[in-house]
Amino acid sequence: MEFDRADFITAGRLGNLMTTFLSSEQARLGDHIRLRLINPTPDRIFEIRIDGLTGFCVAYDGMPLPELVSLGNLKLAPAQRIDIIADVTGDVMILRETVPSGGEELGGIMLNGQRQIRSAPIAPLPANLVPAPGEITQTANLFMQGGAGDGAHGGFGGWAFNDVSGLPNKPLISARRDEAVQVRMVNDTAFPHGIHLHGHHSWETDQNGARTHLRDTTLVAPGETMTIQTGSLGGNGSSNK
């Protein structure tokens with residue numbers, strides 16, 4: 001569908017078609033499977049419910065979780081991934097987008113046959129060997145601005161970071177390889193934003209500053225402040241991000 005220019009400063013170019021592309025369209029009742037959900041859209045945030053499975057989330061953005069997470073409603077911002085290990089328990093596994101009016105079917109894996117259901121518990125995946133950051137030496141602030149209903153900012157476009165639309169003349173942060181830094185992200189807009197740190201995974205932190213999930217894409221809700229920490233910027237010498 002075509003888009004009005006006003007779409008650029010509201011919810012984005014969401015489009016009028018939602019679907020799933022499945023690498024396998026059939027499974028047996030009782031199968032023990034690993035399901036990887038990937039959101040490749042540029043603008044849409046998906047809230048997903050999965051029926052016909054009993055299991056857990058085991059990884060976010062390719063990084064194993066230290067503890068299993070239950071399969072409730074799953075939220076995926078653009079570029080985010082979730083890995084699930086589960087047993088097939090229903091006639092059909094249906095992927096639905098959770099909306100106020102109910103679930104809209106996005107796709108499914110149809111049953112074809114049956115096998116004995118496993119009795120062994122699901123265990124977390126082995127952890128990736130990613131060193132935790134040391135003492136934080138730098139903090140940068142990233143203010144998200146723009147969109148419908150937002151106040152004026154210094155950028156030329158509908159959206160801006162720190163009063164700048166497009167790439168700034170000065171990097172947000174300059175750091176040495178493996179220097180421990182953090183970015184405080186403040187969403188001053190009326191819309192949620194998924195912030196992706198190219199080439200790196202970073203630790204999200206809670207309100208007390210404790211590290212939680214290791215991700216490469218962080219979803220920041222309207223009015224929310226999130227802080228991420230990274231200690232391995234990579235490259236040779238310095239790295240500007």
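**Strands, cores and a ring pair**

Guide: Strand 15 (residues 202-205) and strand 18 (residues 225-230) pair in the antiparallel sense over two bridges. Two strands pair if DSSP finds at least two bridges between them; helices (H or I, at least four residues) and strands (E, at least two) are DSSP runs, numbered from the N terminus. This is a predicted model, in which local features need pLDDT of at least 70 and side-chain atom pairs count only at pLDDT 80 or more, while totals for chains, interfaces and linings use all residues. Residues are numbered from 1 along each chain as its sequence is written, and side-chain values use heavy atoms, with hydrogens and water left out.

Visitor: What stands opposite W203 in strand 18?

Guide: The residue opposite W203 is Q229.

Visitor: What is the order of the open sheet of six strands?

Guide: The order is 11-10-13-18-15-16, with mixed pairing. Strand 11 (159-161) and strand 16 are the edge strands, each pairing on one side only.

Visitor: Where is H213 found, and what is it in contact with, leaving aside its neighbours within four places in sequence?

Guide: H213 lies in strand 16 (residues 211-215). With those neighbours left aside, H213 is in contact (heavy atoms within 4.5 Å) with Y60, L65, S202, W203 and E204.

Visitor: Why does H213 count as partly exposed?

Guide: H213 counts as partly exposed because its relative accessibility is 28%. Buried means under 20% relative accessible area, exposed over 50%, and partly exposed in between (1.4 Å probe, protein chains only).

Visitor: Changing topic, how many residues has the largest nonpolar core?

Guide: The largest nonpolar core has 20 residues, and L37, I50, L53, C57, L74, I82 and I84 are those with the most contacts inside it. Such a core is a set of buried Ala, Val, Leu, Ile, Met, Phe, Trp, Tyr and Cys residues joined through side-chain atoms within 4.5 Å.

Visitor: Which strand gives the largest share of this core?

Guide: Strand 7 does, with four residues. Another core, of eight residues, lies apart from it and includes L142, M185, V220 and M226.

Visitor: And how many aromatic pairs are there?

Guide: The count comes to one aromatic pair. Rings of Phe, Tyr and Trp (its six-membered ring) pair if their centres lie within 6.5 Å; planes under 30 degrees apart count as stacked, over 60 as edge-to-face and the rest as tilted. W159 and F191 form the pair, edge-to-face, at 6.0 Å centre to centre and 75° between the planes.

Visitor: Is F191 buried or exposed?

Guide: F191 is buried, because its relative accessible area is 19%.
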